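Please walk me through this model, one question at a time.

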Amino acid sequence: MSSSPSRARPDPHLRLHCVNVYVRDQDRSLRFYLEQLGFQLAFDTRLQSGERWVAVSPPDGSALLALVAPKPTSAQYKLIGRATQVVFITDDVTAKFHEWSRRGIRFMTAPRLKRIKFDPRAESRPSPSPSMLLGGESAIWGGVFARFRDIDGNSFSLVSFDEVTHSLEAERRAIAEKREAERRAAQELEIAKQVQSRLFPQKFPPLKTLDYAGTCLQARKVGGDYYDFLDLGGNRLGFVIGDISGKGIAAALLMANLQANLRSQCAIALDQPLRLLCAVNQLFCENTLDGAFATLFFAEYDDHAGTLRYANCGHLPALVLHSDHTVERLHATATVLGIFKQWDCTMGETQLQPGDTFALYTDGITESYDANADEQFGEDRLIEALRQHNGASPQALLDSIVSAVQRFSPGEQHDDITLIVAKHRGTNFSAA
């Protein structure tokens with residue numbers, strides 16, 4: 001479809017694509033270019049007309065040589081074995097001369113040195129990008145020239161210039177520096193991943209009435225989802241799950257900040273959980289940039305009484321699947337962390353009975369889209385998966401749910417997937 005002139009790009013892409021070289025036998029010439037010159041096969045296909053189109057390319061650059069086998073009666077057939085006016089450029093003609101000579105390439109001349117005088121005033125207008133062939137370094141510069149023939153006698157030039165050599169060396173240095181920077185960045189990101197993995201729970205304080213497990217599958221090397229199990233003392237365990245705004249390294253740094261704030265303040269959680277969350281919010285506000293925030297669900301489980309006190313700070317509602325098949329949703333009791341320095345929170349409470357299942361999750365589960373990006377996994381599917389695998393251990397239940405999400409959303413993972421599952425097994429501490 002054509003585009004109107006008003007919408008045309010002011011600088012449309014333009015480059016040399018292909019040069020025809022006339023040959024007698026395409027298969028024979030193809031072997032010559034691939035095996036003796038070390039070129040690469042670009043195309044070997046049949047056109048709609050039935051003609052075979054074969055093209056090769058040198059190891060560097062994007063221009064192609066089309067190996068055309070014209071009919072013996074055509075005018076193009078008479079062009080076989082003539083000068084092609086095609087020039088190959090390299091940074092070391094002598095090295096190529098010796099390499100190709102060993103492979104049986106016929107050179108018409110040995111490499112010769114020539115000096116060229118360049119007048120910068122001859123340029124009609126300045127080029128917007130630096131050129132390798134305009135004598136940018138000196139008005140007088142040298143070049144090395146040689147000519148060779150292919151298997152059909154077609155002749156080509158092989159040249160190098162001081163400017164080209166210097167430019168290629170600079171380009172190679174830049175590429176090497178870029179690769180080294182990418183290697184260091186990848187290495188540092190891998191280290192960051194390992195460090196962040198140590199921020200997730202390494203110990204699981206035992207409970208007499210509850211089995212539990214947690215997992216986090218990051219969409220990138222590092223991410224902003226967070227979960228934790230905090231030993232609060234007094235037969236109490238803290239369940240924490242959070243979702244930091246943003247993704248990648250920035251979110252991971254905020255996640256580490258939130259984790260450090262929580263763990264450093266958790267000593268006050270046993271008697272004053274609201275004070276803990278207010279202190280964490282204050283520290284999060286002071287140590288992060290404006291606009292950064294986190295949703296958080298904090299729950300304190302009493303292993304003796306089976307009670308679950310919780311604060312939902314703008315997070316998705318936790319789910320309690322009771323043994324009588326009812327579902328209880330633990331909705332928000334406060335706004336998100338990190339936005340408001342003047343912040344308050346209330347606590348909710350529920351009771352876990354033998355056979356109940358308690359689940360905390362982030363939006364990477366419920367907001368995962370199907371293959372057509374039409375439908376989200378959603379809370380209903382999560383509840384159905386929890387019910388379907390209710391007889392499994394918490395870890396097996398986690399694995400089943402993650403597998404269900406990945407089957408539903410088989411493409412690239414776009415958000416961290418984090419989930420905590422706890423199951424009341426019915427052995428009360430007071431009866432022990």
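Q: Which strands does helix 7 lie across, and at what angle does it run to strand 14?
A: This is a predicted model, where local features need pLDDT of at least 70, side-chain atom pairs count only at pLDDT 80 or more, and totals for chains, interfaces and linings use all residues. Residues are numbered from 1 along each chain as its sequence is written, and side-chain values use heavy atoms, with hydrogens and water left out. Helix 7 spans residues 378-388 and lies across strand 14, strand 15, strand 17 (357-361) and strand 18 (417-424); its angle to strand 14 is about 40 degrees.

Q: In what order do the five strands of the open sheet run?
A: Helices (H or I, at least four residues) and strands (E, at least two) are DSSP runs, numbered from the N terminus. Two strands pair if DSSP finds at least two bridges between them. The pairing here is antiparallel, and the order is 9-18-17-14-15.

Q: Why is one side of strand 9 and of strand 15 left without a neighbour in the sheet?
A: Strand 9 (210-217) and strand 15 each have a single partner strand, so one side of each has no neighbour in the sheet. Both stand at the edges.

Q: By how many degrees are neighbouring strands of this sheet turned against each other on average?
A: Axes are lines fitted to C-alpha atoms, for helices over the stretch in contact (heavy atoms within 4.5 Å). Angles run from 0 to 180 degrees between N-to-C directions. For this sheet average, direction is ignored, and the value is 15 degrees.

Q: Which residue of strand 15 stands opposite A318?
A: Strand 14 and strand 15 pair in the antiparallel sense over four bridges. Opposite A318 stands L330.

Q: What is the phi of Q85?
A: Q85 sits in strand 5 (residues 83-89). At 68% relative accessibility, Q85 is exposed. Its phi is positive although Q85 is not glycine, near 65 degrees.

Q: Which residues does H17 touch, not counting those up to four places away in sequence?
A: H17 lies in the segment before strand 1 (18-22). With a relative accessible area of 38%, H17 is partly exposed. The residues touched are W53, S62, A63 and L64.

Note on methods. Buried < 20%, exposed > 50% of the residue type's maximum accessible area, 1.4 Å probe, protein only.
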